[in-house]
Amino acid sequence: MRKLGLALGGGGFRGSAHLGVALELERLHIGVDAISGTSIGAVVGALLAAGYRAAEIGRTFNFVSARSLLGRDPTRHGLLGQQKLAAVLTDLLGDRTIEELPIPFAALTVDLISGFEVVLDRGSVVEALLASTAIPGLFPPRIHAGRLLADGGLRVNLPVAAVKQLGATRVIAVDLLHDDAPFTLLAKQSRWLPTRQTALAERAIVLMLQTITAANLRDNPPDLLITPAVNAASSGAFLPQAAGIAAGVAAAARHHEELMALREWRLA
């Protein structure tokens, strides 16, 4: 059976670009049979796998701000806690397991003890998303089956292999960190983060993730790679949703012919 997979990469608050790509897929009536995601890609991917339309997810994101997700970490294993994020995800997904989602789904995490990536394709959806978004040092890792799980971007920021493991024979991948926008050091100060220091640290992390992703893609190339132009935005500051969605739509539209060919292949 021909199955089309969708792999969504991590990229912090650039994630609204994933919604733009999803909107374009919906407009072209391109369905997918399996979804994988890392970090924000896991969050968007799980909601799509649960049956939410891109516009519905966008309306939910409209009511979420960085400040509304910030809180202290009672475990003291992170600068911030995940209680508020967990509450938002639980409102959307309830206590469903990954096995209960209408579309097969997998979230990428890394075990900080062994150093290996861990693909979560069963169990609590919310727990899987909290693990996949647990940026070390910022959010506390999640303890699961004796493992200490954190953001999958440490090893696999664009999980093409994972969606193939779910049965996809062709894959559309969306990379939020591929765009080579010029780096500038912002002077504007955030009310809750030291912007200059954050920008420098983030730049170093993005360069590392780009190198890791390039190696991953050499080993597991997707059939179509979509790269929204959002790299000028910071992962630690909200990219305006309208701008992110527009970037995702535009990036997908540039591959109209390839997308239509994949649709015809899937339906043949």
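Contact here means heavy atoms within 4.5 Å. These close-ups come from a predicted model, in which local features need pLDDT of at least 70 and side-chain atom pairs count only at pLDDT 80 or more, while totals for chains, interfaces and linings use all residues. Residues are numbered from 1 along each chain as its sequence is written, and side-chain values use heavy atoms, with hydrogens and water left out.

View 1. Strands (E, at least two residues) and helices (H or I, at least four) are DSSP runs, numbered from the N terminus. Asp151 touches Thr38, Ser39, Thr109, Val110, Ala131, Ser132, Thr133, Ala134, Ile135 and Pro136, leaving aside residues up to four places away in sequence. Buried means under 20% relative accessible area, exposed over 50%, and partly exposed in between (1.4 Å probe, protein chains only). A salt bridge needs a side-chain nitrogen of Lys or Arg within 4 Å of a carboxyl oxygen of Asp or Glu.

View 2. Two strands pair if DSSP finds at least two bridges between them. Strand β2 (residues 34–38) runs parallel to β3, joined by 4 bridges, and Thr38 has Leu108 as its bridge partner in β3. Another 4 bridges join β3 to strand β4 (residues 117–120), this time antiparallel; here Leu108 partners Val119. β3 and β4 form a hairpin with 5 residues between them, and Gly115 in the turn has a positive phi of about 85°. β6 is also antiparallel to β3, through 3 bridges, with Leu149 as the partner of Asp111.

**View 3. The largest nonpolar core and a second, separate one.** Such a core is a set of buried Ala, Val, Leu, Ile, Met, Phe, Trp, Tyr and Cys residues joined through side-chain atoms within 4.5 Å. Of the 56 residues in the largest core, Leu6, Phe105 and Ile172 touch the most other members. Helix α2 (residues 40–49) gives the most to this core, with 8 residues. A second core of 11 residues includes Val160, Ala168, Ala173 and Leu217. Look closely at Ile172: among its contacts are Leu4, Leu25, Leu224 and Leu262.

**View 4. The buried face of helix α5.** In α5 (residues 83–93), Leu85, Ala86, Leu89, Leu92 and Leu93 are buried. Seen down the helix axis, the buried residues fall within an arc of 130° (taken from the directions from the axis to the C-beta atoms), so they line one face. Just after the helix, Gly94 takes a positive phi of about 60°.

**View 5. Three of the salt bridges.** The count comes to 7 salt bridges. Glu24 and Arg27 meet at 2.8 Å, N to O, and both lie in helix α1 (residues 16–27), 3 residues apart, about one turn of the helix. Glu24 is buried at 5%, whereas Arg27 is exposed at 52%. Arg53 and Glu26 meet at 3.8 Å, N to O. Asp33 and Arg266 also form a salt bridge, their closest N and O atoms being 2.8 Å apart. Asp33 lies in the loop between α1 and β2 and Arg266 in helix α10 (residues 256–267), so this pair ties together parts that are 233 residues apart in sequence.
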